[in-house]
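Subject: Structure for your review

Dear colleague,

Please find below the structure that I am handing over to you. My findings follow it.

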There are 2 protein chains.
Amino acid sequence: MKPYAELSVQELTDLRAQLKAQYKEYQSRDLELNMARGKPCVEQLDLSMGMMDVLASDSDLTCEDGTDCRNYGVLGGIAEARQLLGDMIEVPADNIIIYGNSSLNVMYDTIARAMTHGIMGSTPWCKLNNVKFLCPVPGYDRHFAITEYFGIEMINVPLNADGPDMDMVEKLVAEDDAIKGIWCVPKYSNPTGNSYSDEVVRRFARLKPAARDFRIFWDNAYSVHHLYENDHDELIEILAECKRAGNPDLVYKFASTSKISFPGSGIAAIATSSNNMEDIKKQLCIQTIGHDKVNQLRHVRFFGDIRGMKAHMKKHAAILRPKFETVERVLHEELDGLNVAEWTEPKGGYFISFNSLPGCAKAIVKRCKKAGVVLTPAGATYPYGHDPHDRNIRIAPSYPPLADLEIAARLFSLCVKIASIDHYLEEKGVVKEK
Amino acid sequence: MKPYAELSVQELTDLRAQLKAQYKEYQSRDLELNMARGKPCVEQLDLSMGMMDVLASDSDLTCEDGTDCRNYGVLGGIAEARQLLGDMIEVPADNIIIYGNSSLNVMYDTIARAMTHGIMGSTPWCKLNNVKFLCPVPGYDRHFAITEYFGIEMINVPLNADGPDMDMVEKLVAEDDAIKGIWCVPKYSNPTGNSYSDEVVRRFARLKPAARDFRIFWDNAYSVHHLYENDHDELIEILAECKRAGNPDLVYKFASTSKISFPGSGIAAIATSSNNMEDIKKQLCIQTIGHDKVNQLRHVRFFGDIRGMKAHMKKHAAILRPKFETVERVLHEELDGLNVAEWTEPKGGYFISFNSLPGCAKAIVKRCKKAGVVLTPAGATYPYGHDPHDRNIRIAPSYPPLADLEIAARLFSLCVKIASIDHYLEEKGVVKEK
């Protein structure tokens, strides 16, 4: 197929008419497909149903240290859950606090605490005139929503294939003590699926921020969420690296089992230095008597240990892999050679990041929606929902059944083609058809 | 028995020596008893073990509206859980948001949100020079800990047998727009066990606070926690009463199943007006994608409906009632006629509130501890841990086995007697024996 850029106005116009006819055919199908959120599919949820049986009315709900998990207490989480999640994200159990069902909630609470009480004795952020966060883009909309909600100014930093632009990160945090944090999804990043290189992690651990209350918000959402059997991205563990670099308190690491057991009914955690943990627990003991230990125990009894969890993740991969492969195959079949798009082909995580020609993303998403395929809103991967080039679209292949995905990806490609033609026609001075 | 006040110095001194000998005997027993916290006992926890069986690996975890409880979503909680907890605290299901496992956490988050974002458009409290809360005393230490943590000034208001001193409450909230809230445990109050009268509730609903962001923090922790079969305290429902009074947005009502199913593994809720709910959800949708719906469903399937829950609460009562009766009986047997103490005999809840002679509470708690019986620290029932008369002690009879409670209550009474004698000896100018 010839690149669209080389087509004449007439060729583009003719092609557009053909594609429009195909689009109308899709519209007539009354599709209702959703590729908007990183939502596990039913078959994935079924994988964890055994969790409903591990605790029964005749079970002993006592944990190893003798704690009755049914009663109040144990602010930081039961030891065996800290061990399991510690192994999952490669940190010592002593550096973990287990929370409730949502790592997003832990991140929110971490920012909320910094707003009202500062970090390790620093001025509460709500007392400062200016608080800023660095936001590698494209990134995770719910991160940006938290910082926006608290009135924190967000600064875009390009996210490259090997991680954020570290020259820029280093320069900005060294210069400006109003910069208090950076959002990172280091492994199988949301939405690119790329992972940070060793060099990027090492440079993160060696940041010299002007603000002593600067923290890296390391959202390790996809630590064990590989798609392929023997081809995993592996990262340098950031807590240990920060310690080696003499920066032990620089990072908060977040994780959960939301996409391992059940979204909404998993367990979440923060991992950080003992200084940070002490700081956090001063607040946490005011906020709660403790999180849901029965659910912690349920997770431990179900997975057994990290080997059990890894075996379980292979079952997830077996369901997810064909979904990613389907989308990627269709994109290749439909778009190769047209020079109108690029996309990532990650080895893990939940997303494919798709870049259209500039100024096309909103139109593509809108057109998909009109034919019954819902995507993450264009712009959502940028702070304030503003993609300066209007080109990034996050594709979430996990939820729809395989057959639907094929259809959705075809329709999506079709909408990409139409939008790309409109882009070139506009470039050539042709007024866009309504 | 003669009132201690009528004993001579010699009589007091002799009696003290006898009591001291008895105390030494208790010390030699190496007791390890705890009456410090409102912690359900093992038999109570066992009552809910059936909850472990209601969901199994072959269960359908779909709720009535078709939502798969295993996946993301449903910010406000599933409809059937809102119905169950709505019935439990006598509010419409539409006025409830279901949270995670802890109503304390909901209260904390409510204050935290007001600090950073105000209430329904008001100035965030963190931007104000002065924020105050009214604290009926004696009250719940964890309430006071939250307000103290956020630097909110706490003002003591006497809690009478029928509720807070409403003349004082009405006057203070009308005068001072820095007063933003009041902590209330309206039913089987912590620690007195008393409930607010109809008149008090009506006056609460008709408050005319100077601050339009003033809210009543109505901690309905013991709504169905009756001790006796047919002798319940019943309250006017505050949300409806506020509506009738033209003050629909005045109150946040909190509740949980912590002392119904499992402490730490129950479900919590806030009930409030639709205006307040809208205000809350603006924040909640940033903080989380949703709370644990599987656990919500587990509760609904286990209790069935409010009748099931009320039947369940009768089983709790059957366990708790003898414990309260034991403590009350021993206190009567040991202290009646001495004129050195008064205590409440509640019809529900988790606590007995005990008042010693002034200046004795710390000494009593300390002496109990030295003999192996742990009580809530004296002062804990007051803001900043400061009981101006050093006389209030919260007794929590729920956790220890019945036989232990009898011993603990005897020892406690003994410590009360010794401290009371010391009080009178000091009054008479006799230097206290070491």
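I begin with a pair of helices: in this predicted model, α3(A) passes α10(A) in a left-handed crossing. Helix α3 covers residues 79-88 of chain A and helix α10 covers residues 293-303 of chain A. Their axes come within 9 Å and cross at roughly 60°.

As to chain A as a whole, its secondary structure comprises 13 helices and 13 strands. The radius of gyration of chain A is 23 Å, close to the 22 Å that the globule rule gives for 434 residues, so the chain is as compact as a globular protein of that length. Along the principal axes, its C-alpha atoms fill a box of roughly 75 × 55 × 35 Å. Of the 434 residues, 56% count as buried. Among contacts in chain A with a separation of 6 or more, 76% are between residues 24 or more positions apart.

Finally, the largest nonpolar core has 180 residues. Those with the most contacts inside this core are A:L85, A:A269 and A:I270, together with B:L85, B:A269 and B:I270. Apart from its neighbours within four places in sequence, B:A269 is in contact with B:L85, B:I96, B:I97, B:I98, B:Y99, B:A255 and B:S256.

With kind regards

Conventions. Residues are numbered from 1 along each chain as its sequence is written. Chains are lettered from A and ligands numbered from 1 in the order in which they are written. This is a predicted model: local features need pLDDT of at least 70, side-chain atom pairs count only at pLDDT 80 or more; totals for chains, interfaces and linings use all residues. A nonpolar core is a set of buried Ala, Val, Leu, Ile, Met, Phe, Trp, Tyr and Cys residues joined through C-beta atoms within 7 Å. A residue is buried if 20 or more other C-beta atoms lie within 10 Å of its own, exposed if 12 or fewer, and partly exposed in between; C-beta atoms are placed from the backbone. Two residues are in contact if their C-beta atoms, placed from the backbone, lie within 7 Å. Helices (H or I, at least four residues) and strands (E, at least two) are DSSP runs, numbered from the N terminus. The radius of gyration is taken over C-alpha atoms; the globule rule is 2.2 Å times the number of residues to the power 0.38. Axes are lines fitted to C-alpha atoms, for helices over the stretch in contact, and angles run from 0 to 180 degrees between N-to-C directions. A crossing is left-handed if the near helix is turned anticlockwise from the far one by less than a right angle, and right-handed if clockwise.
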